[in-house]
Amino acid sequence: MSLPFESAYRHGFARVAACTIPVSIADPATNAEAVLDSARACDADAVAVAVFPELCLTGYAIDDLVMQDPVLDAVERAIERLVEASVDLLPLLVVGAPLRHRNRLYNCAVVIHRGELLGIAPKSYLPTYREFYERRWYAPGDDQSGQDIRVGALEAPFGPDLLFESLDVPGLVVHAEVCEDVWVPIPPSSRAALAGATVLLNLSGSPITIARAEDRKDLVQSQSLRCLAAYAYAAAGTGESTNDVSWDGQTMIYEGGDLLAETERFPDGPRRSIADVDLDRLRQDRLRQGTFDDNRRAAGADAELRTVHFRLDPPRTDIGLLRTLDRFPFVPDDPARLAQDCYEAFNIQVSGLVQRLRAIGDPKPVIGVSGGLDSTHALLVVARAMDRMGRPRSDILAYTMPGFATSDHTKSNAIALAESVGASIETIDIRPAATEMLQRLGHPFAAGEPVHDVTFENVQAGLRTDYLFRLANHHGGMVIGTSDLSELALGWATYGVGDHMSHYAVNAGVPKTLIQHVIRWVIAHGEGVDEAEAAVLQSVLDTEISPELVPAGQDGRMQSTEDRIGPYALHDFALFHILRYGFRPSKIAYLAEHAWRDAEAGAWPPGFPDEDRYAYDLPTVTKWLQVFLRRYFAFAQFKRSAIPNGPKVSPAGSLSPRGDWRAPSDGNARAWLAELAAALPDLVED
C-alpha cells in the first residue's frame, strides 16, 4: 500500500541525522545509553538513518586502553545492548566502536537496525602522522572485503565492501566510512557511490585545530557533489580526552554540494543535524549525468561489493519536511548569492550579445520596448553591450508600438526608459495598420464589435514584430528578442511573426521570476544608472504583467497575464523541478504546497516587496500545475522547436532544442496529468 500524499517518504525523501554525543572514556555501557538516548529522539523525529561519531562507544582518545580486554568485552556487550534496544526504533543506527577480528583490532562502523546487527565496516585508512597514532592499535580494513565477524553472540558481514539498501524506501542505499577515509584522494565512499550508494556516512573523531572545520566542510561538500550523493558527517565532541588535542563535535549534512543542515560546534551536550535528503534528486542527477556511470565502468567500482537489505517501514503520517525550500527556486534567498547570480546572469546575456553583434558586422540593435519587465531588461542588456563594445548607446534603435490596449503608463515608461539609457526612441502607432488588416480579414472588431479574440491579439503582436524586422532591414540592424524562459515554457508567445521570433533572444534563458531581481540588481549596482533611470525601472517593477493586447474591461482592469495563465511564481516553481530534475507532478505539488502555504514562514528573496508576499494552498497549486503540464508538455513544444539563438543562463537548463531540452512537438501531457490525478483525485480536473 502506498504512503499517503502528506508523507515526505512518499515523495522520495529520507530523513537523515548526524549525531554527536557526550562520551565517557573507556565506558561502553554509559556510551551505549547516550547513543540510545539520541536514537530514541531520532525515532521520535521519524529519522531513517542516524550516524554517530568514530569510536563513540569507547571514546576516540582512549589510546592504549583500547587494547584492554575489559574494555573490548564491554564494547561487545554494548553492541548487544544496542541491537536489543533497537527492535522498536525506526532509524538505521551507525555507531563507532573498536572490535576484535582474528588477530587484530579494527576501528569500525557498526550498522544496526530493528534488532539486527546488519554489518560492520572497518576503517580503511589509518592516520599515523602528526597528532595521530592509529596504526599503533588498529589494522587497516581495506583488505577485509567479503569477511564475516562475530560480536559476542552476534554474527554479521564484515568489510569495507558493504552497502545497506532499504527494500521499502526506493533509492535509500547507505554506505559508511570512518574519518580519514574521506581525506584520501579516492575515498571508499566514491566506489560505494558508483555502485549505487546514495547516503554516505562518515563517523569521525577529528580533533579540532584552527581552520580544520572549514577543511572538513570543503571535503564533505565536494564529496557529496562529486558523488551525486548525500553525505552526513558526525565528529567527536564533549567528553573526549584533552591530553594534547581538543574536540568540537561538528555535524553536517550535504546533498549534491548543498548544505542541508549543521550544528554549532563545541556543544555542551548531544546535538543532531537533521535533514530530509531528496533521493529522487540524487537518482535523477545520476540518470542525467551519464559520465557518472561511465566512471563506474572504467573503474570497475561495483565489483565484489555486497548489499545487505533491510526494511525501514517508514511512518505513514505527516512528519513535515526538514529542508529549506525556495519559493523561487531560480532566485536565491541569500543576498550575497542573489547578487552573484544577478551579476552572472546579466553578464552572460551581455557577453552573448556582444559576441553575436561582432560576429555579424556590428549591426544596430533593434528592439521593441513596451514598458514591461522583459523588454526593459533586454534594453538594459543591449545598453551594457554597447558600452562594452565602445559604441554609442544612440546606436540602439528602440521602438514603442502602441496598440488598441496600450496604456499611457507603460508607453510613458517605455519612452522614459529608452531616453534615460540614451537609446534612440521612436513611436510607431500600429493601430491604423492593424485596423486595415482586421478589415481585410473581415474581423468583427473592424465593424465596431468588441470582439477581442486570438486573431485580434495576434494581428497586433505580429505587426509589431513585422515592423521590427523591416526596420532592421532598413537601418542595417538586428532584432533583439525579449521573451523569457518562463514564456517559452508556457508557449506564451505569438508564433513566427510575433514575439516568438527575433535575430537573437537575449532573455531566452532567464525565468520571469529572476528578471525582476536582475533589474533590481542593475538599479543597485549598475554603472551609470542615474536617479531618473532608477525611477523608471522601479515603475516597471511595480507594473502588473500584461500583454496589453485587449482593452480594459468595464471594471477598468487591464488584461492580466497571470489571471489568464496563472502565477509565474508557481509556473517557474514547476518549470525548475521538471526541467532540472524530472520530478513527478505529485512531488512538485507537495513541494509547492510546503513552500507557498504560509507567507510568514521561511525566507523571501532580498528586496521582495512586503505587499506582494502571498500564499497558495494545495488546491490552487494543483489547479495551476495542471495548466502548466498541459501547456508545457502538450502545447508549447512546437514553438520551442523553432526558437532563435540565445544564451543559456540558469543551471536548471534552457529550453533550446539545440541545448538542454529536446522534445517532440506533437507530444501530450497524459502521463503527467494521470500521475497527479492518482495522487490528488479530489483536486484534479477530468
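I started with what covers the buried residues of α7, and the cover includes α8 (373-389), β19 (477-481), β20 (504-505) and α13 (512-525). Buried means under 20% relative accessible area, exposed over 50%, and partly exposed in between (1.4 Å probe, protein chains only). Helices (H or I, at least four residues) and strands (E, at least two) are DSSP runs, numbered from the N terminus.

I noted that this is a predicted model, where local features need pLDDT of at least 70 and side-chain atom pairs count only at pLDDT 80 or more, while totals for chains, interfaces and linings use all residues. Residues are numbered from 1 along each chain as its sequence is written, and side-chain values use heavy atoms, with hydrogens and water left out.

**Helix α7.** I listed its buried residues, among them Leu338, Phe346, Val350 and Leu357. I then checked the length of α7 (residues 335-359). Its 25 residues should span 36 Å at 1.5 Å a residue, and the end C-alpha atoms are 36 Å apart, which agrees. The expected span is 1.5 Å times one less than the number of residues. Just after α7, I found Gly361 with a positive phi of about 90°.

**Pro127.** I found Pro127 in the loop between β5 (116-122) and β6 (147-151). Pro127 is buried, at 3% relative accessible area. I looked up its contacts (heavy atoms within 4.5 Å). Leaving aside neighbours within four places in sequence, they are Phe132, Tyr133, Glu134 and Glu180. Glu180 is 53 residues from Pro127 in sequence, yet their C-alpha atoms are 6.6 Å apart.

**Strand β14.** I saw that 6 of the 8 residues of β14 (residues 271-278) are buried, so the strand is largely enclosed by the rest of the structure. β14 pairs with β1 (residues 13-20) in the antiparallel sense over 8 bridges. Pairing takes at least two DSSP bridges between the strands. Ala17 has Ile274 as its bridge partner in β14.

**Salt bridges.** I counted a salt bridge when a side-chain nitrogen of Lys or Arg is within 4 Å of a carboxyl oxygen of Asp or Glu. The whole structure has 42.

I picked Asp278 and Lys587, which meet at 2.5 Å, N to O. Asp278 lies in β14 and Lys587 in helix α17 (residues 585-596), so the pair ties together parts 309 residues apart in sequence. Asp278 is buried at 4%, and Lys587 counts as buried at 2%.

I also looked at Asp293 and Arg296, whose closest N and O atoms are 2.6 Å apart. They sit 3 residues apart in helix α6 (residues 290-299), about one helical turn.
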